Amino acid sequence: MSSALSSLGKNKRAPLPDLPDHRRRPVPFKQKLYTDDEAILLNDILKSPFAPAADGTSTSIPKNALLKIPNKGSVPTDLELMSSMMQKLTQLEQKVISQANELKQKDKKISVLEDKIKILQKSKDACSKESSQNEELERTCLELQSQVWEMERFLNDYGMIWVGDKNHQSTEDHKENVKPQQDILGKQYLWQQDNSLVKNFHMNYDLVMENVKDLNVLAGEEEAQIEHVTGGARLTRPKPIPLTLYKNGILMFNGPFRSYEDSSTQQCMQDLMDGYFPSELQRRFPDGVPIKMNDQRDVEFQQNNRWIEFPGIGHTIGNKTDPVLKESAIPGPKLSMEQFLKKLPKTVIKEGKVIDIRGSVQQNLQGTSKEQKDSVILIETPCLISLKERLEIDESSRVPSAKDISTLRIKSEDGEKTFIVKMYFSETIGHLRTYLNQHRGEESCYDIISSFPQRVYSDGSKTLQESGLVPNASLLLRPTKC
């Protein structure tokens with residue numbers, strides 16, 4: 001048997017449950033609206049500093065607006081929350097306004113930059129158009145210049161000189177009308193003759209001869225080149241161009257003669273003295289061409305005399321002068337009439353009319369046609385009347401004809417009519433004008449010139465004998481401004 005003490009040690013005693021003590025009152029506590037973490041987060045929001053305003057001034061929360069939240073306990077009131085939210089809204093509105101102003105300013109800058117880009121694009125397009133127009137004008141000038149040289153060379157071979165036509169006056173009027181337009185466009189866009197002149201030009205024959213030798217090596221004078229022909233190809237040497245240096249000018253190709261006083265001749269010789277190919281040959285021979293030189297520096301080229309010169313050699317007392325060699329023949333082969341006609345166009349359309357060029361030029365070279373013969377007009381003059389009266393008298397009693405009679409063949413301004421005028425040696429140029437005006441029925445403005453030698457007869461008091469228009473002469477009428 002177990003004793004009572006042993007039984008007490010075996011069984012554990014359980015505590016009695018807490019029974020409510022109705023004698024004590026419960027302590028009242030206010031329930032928390034936020035947890036501790038939510039209270040800390042709200043307090044941080046209320047204590048956070050505000051961003052600076054749009055005008056650069058910083059705003060701060062007034063001290064009485066901060067909500068002091070204890071670690072355990074009180075929460076901000078509705079008024080405090082409302083005031084803080086209103087401050088944040090005002091700051092956000094200020095930011096929106098400032099950003100809207102910045103956007104407007106940036107839009108203005110963008111519009112200004114776009115206008116500048118458009119202006120720059122227009123200027124680039126205008127520059128490209130002007131450059132293309134200048135290149136086209138230069139190319140056209142070179143082509144026309146080469147054509148004029150060929151025409152002058154051909155006319156020089158046949159002893160003729162280009163005088164002008166009826167469009168001379170209209171071309172002068174056109175130049176006067178174009179001149180103001182050139183001033184508007186500016187001098188930098190058009191070729192100016194004064195800018196292309198070589199200043200202080202001095203001809204150095206030895207330097208030209210030496211540089212031409214070096215240029216011929218560069219142009220491949222001794223090298224054979226492949227030339228494509230019908231049915232295959234062959235090796236050929238480049239054909240050199242002839243260049244003759246005279247004392248007073250040069251002859252390139254087959255002429256015409258070019259004096260050293262011409263600006264184009266000075267530019268050509270200056271290019272050779274500087275060691276370059278002549279710029280006038282660049283378009284025709286872009287890869288260069290050999291030049292065959294003929295040094296005639298002691299010979300003075302004499303063109304067809306346009307005035308009467310003393311045929312002898314001048315001398316001064318006490319000095320000995322060396323005679324100057326003169327040459328007037330152009331070296332090289334001459335163009336035949338058929339070769340020249342092939343270079344001319346057959347027909348040209350002008351003002352809606354088809355004009356036969358080759359036929360009219362061929363008729364002028366071969367002789368006068370029937371139409372030209374029909375256009376010959378004999379003008380009544382006192383001399384012609386006396387000759388007619390003499391023919392009416394019988395041969396037995398006829399007085400011998402006077403020997404002081406000059407026959408003048410005068411072409412009109414358009415070249416379609418030829419006036420035959422019989423005059424005495426003692427009659428003047430003024431009388432000639434009177435006869436022409438009486439026959440034509442009008443007093444137009446014109447000059448009386450001679451084609452070879454070229455001379456203008458403007459002094460009406462000089463006689464035909466003093467003017468050298470005896471015993472016969474060929475004259476032209478050139479229109480002038482009244």
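What is the volume of the second largest pocket? In this predicted model, the second largest pocket has a volume of about 920 Å³.

**Figure 1. Centre of the second largest pocket.** The lining of the second largest pocket comprises 34 residues. Those nearest the centre of the pocket are Ile 241, Phe 253, Leu 281, Arg 284 and Phe 285. By residue class, the lining consists of 16 nonpolar, seven polar and eleven charged residues.

**Figure 2. Elements contributing to the lining of the second largest pocket.** Helix 3 (78-157), strand 3 (241-246) and helix 8 (337-343) each contribute at least two residues to this lining. Helix 3 provides the largest share, with seven residues.

Figure 3. Leu 207 belongs to helix 6, which spans residues 205-218. Leu 207 has a relative accessibility of 29% and therefore counts as partly exposed; the partly exposed class lies between the limits of under 20% for buried and over 50% for exposed. Although Leu 207 and Gly 275 are separated by 68 residues in sequence, their C-alpha atoms are 9.0 Å apart in space.

**Figure 4. Overall architecture of the protein chain.** The protein chain contains 13 helices and 16 strands. Of its 482 residues, 21% are buried. Among contacts with a sequence separation of 6 or more, 62% join residues 24 or more positions apart.

**Figure 5. Confidence along the protein chain.** The mean pLDDT of the protein chain is 76, and 70% of the residues reach a score of at least 70. Among the elements, strand 13 (residues 418-424) has the highest mean pLDDT, 91, whereas helix 10 (residues 370-374) has the lowest, 46.

**Figure 6. Two stretches with pLDDT below 50.** Throughout residues 49-72 the pLDDT stays under 50, and the model shows 34 contacts beyond four places in sequence for this stretch. Residues 368-374 also have a pLDDT below 50. In the model, residues 368-374 make five contacts beyond near neighbours in sequence. Where pLDDT is low, predicted coordinates should not be read in detail.

Notes
Residues are numbered from 1 along each chain as its sequence is written. This is a predicted model: local features need pLDDT of at least 70, side-chain atom pairs count only at pLDDT 80 or more; totals for chains, interfaces and linings use all residues. Side-chain values use heavy atoms; hydrogens and water are left out. pLDDT is the predictor's confidence in each residue, from 0 to 100. Helices (H or I, at least four residues) and strands (E, at least two) are DSSP runs, numbered from the N terminus. Contact means heavy atoms within 4.5 Å. Buried means under 20% relative accessible area, exposed over 50%, partly exposed in between (1.4 Å probe, protein chains only). On a 1 Å grid over the protein atoms alone, a cavity is a set of points where a 1.4 Å probe fits but cannot get out, and a pocket is an open set with protein on both sides within 12 Å along at least five of seven lines; lining residues have an atom within 4 Å of a point. Grid points are joined across faces, edges and corners, and a volume is the space filled by probe spheres set on the points. Ala, Val, Leu, Ile, Met, Phe, Trp, Tyr, Cys and Pro count as nonpolar, Asp, Glu, Lys and Arg as charged, and the others, Gly among them, as polar.
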